[in-house]
Amino acid sequence: MYPTGMKPIVSLIALLTAASLTSCGLLYTDIKVPRGYRTASPSEVKSAPDDPTVTGKACNRSALFLFAWGDGSYAAALKDALGSRDGILYDARADVTVDAYLLGIYAKWCTVLSGRVAKP
Amino acid sequence: MVHGVERKGRQTMTAALALLLALAAVPGVWARGENDGDEASPAMIPSGGIMLFYQSKGPLSFVTMTPKDRPSGVRELGTVKGVSCQHGLSIPLAAELRATSVSGGYGNGSFAKAVGQIKKDRPETAGLYDVRTDLRVFSLLGIYRKLCTEVTARAFAAS
């Protein structure tokens, strides 16, 4: 199926595909990924009509399929969303955005958290 | 002709196997957390090749409290954080891409240990709410791996 000498290339392509699919670097990886966040509904907090709507973003990045770094955790996204406020996020939406360039040689994978902030 | 078909099939299988091995080699980083439903996915340190030793604990499910579940009259402790980790080693037996490796995993990356760490740091903690759970994935050359469970929450103490 593959000419002689192609097998290592096919294996390498398989590894790179796996690396890009999982946002991992083959040589070095230090990333944080979201796992779970049971957010509150409006009836579960002291919500008010004038509660501000906020958005926070936290990202992991990878380059050359070899290195991956960043903090795309819920904790970081919430910290970014709240800023200096002390509050509880409710009516929350969590999304993922992926930006990949040049066949995934550079990729950015972000957790975007938005919602309204109630007083604790 | 028959041999040609067999060889082609074998090579396709080899390529598919290489992809599967590659996928198994890198730590799983998909956000597959727990919900209010009855499905849960564990997050265990991956181990491939010839596994010599594996003794690990990982997070499975943690249905946490929301602010409404917090008892009344309690004292706020602010934001707290607990971390627990699993470690893994995977040593290739030859210097090639598809070399077999010997591997092992150990550690306690459970929710129980992460929450236990919070209670150790803040002994007055009576409960947690508004809990965020994240995974930290660390890998060096695919040889050493660390998978940590990070629990960040607001804590309260009995008044």
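Predicted model: local features only at pLDDT ≥ 70, side-chain atom pairs only at ≥ 80, totals over all residues.
**View 1. An open sheet of 10 strands.** The strands follow the order E4(A)-E5(A)-E2(A)-E3(A)-E1(A)-E4(B)-E5(B)-E2(B)-E3(B)-E1(B), and their pairing is mixed. Strand E4 (88-101) of chain A and strand E1 (50-57) of chain B stand at the edges, and because each has a single partner strand, one side of each is left without a neighbour in the sheet. From one strand to the next, the twist averages 20 degrees.

**View 2. Where strand E1 of chain A meets strand E4 of chain B.** Strand E1 (residues 28-37) of chain A and strand E4 (residues 125-140) of chain B run antiparallel and are joined by 9 bridges. Within this view, A:Gly36 stands opposite B:Thr133 in E4(B). In general, the strands of a sheet pair through backbone hydrogen bonds, either parallel or antiparallel.

**View 3. Helices lying across strands.** Helix H2 (residues 74-82) of chain A lies across strands of both chains, among them strand E2 (53-63) of chain A and strand E5 (144-157) of chain B, and runs at about 135 degrees to E2(A). Helix H2 (residues 111-121) of chain B lies across strand E2 (75-92), strand E3 (101-108), E4 and E5 of chain B, running at about 135 degrees to E2(B).

**View 4. Two residues with a positive phi.** A:Phe65, which lies in the loop between E2 and strand E3 (67-70) of chain A, has a positive phi of about 60 degrees although it is not a glycine. A:Phe65 is buried, because 22 other C-beta atoms lie within 10 Å, where 20 or more are required. B:Asp130, in strand E4 of chain B, is likewise not a glycine, yet has a positive phi of about 50 degrees. With 26 C-beta neighbours inside 10 Å, B:Asp130 also counts as buried.

Definitions and conventions
Residues numbered from 1 in each chain as written. Chains lettered and ligands numbered in written order. Pairing = 2+ DSSP bridges. Helix = DSSP H or I, 4+ residues; strand = E, 2+ residues; numbered from the N terminus. Axes fitted to C-alpha atoms, helices over the stretch in contact; angles between N-to-C directions. Contact = placed C-beta atoms within 7 Å. Buried ≥ 20, exposed ≤ 12 C-beta atoms within 10 Å, placed from the backbone.
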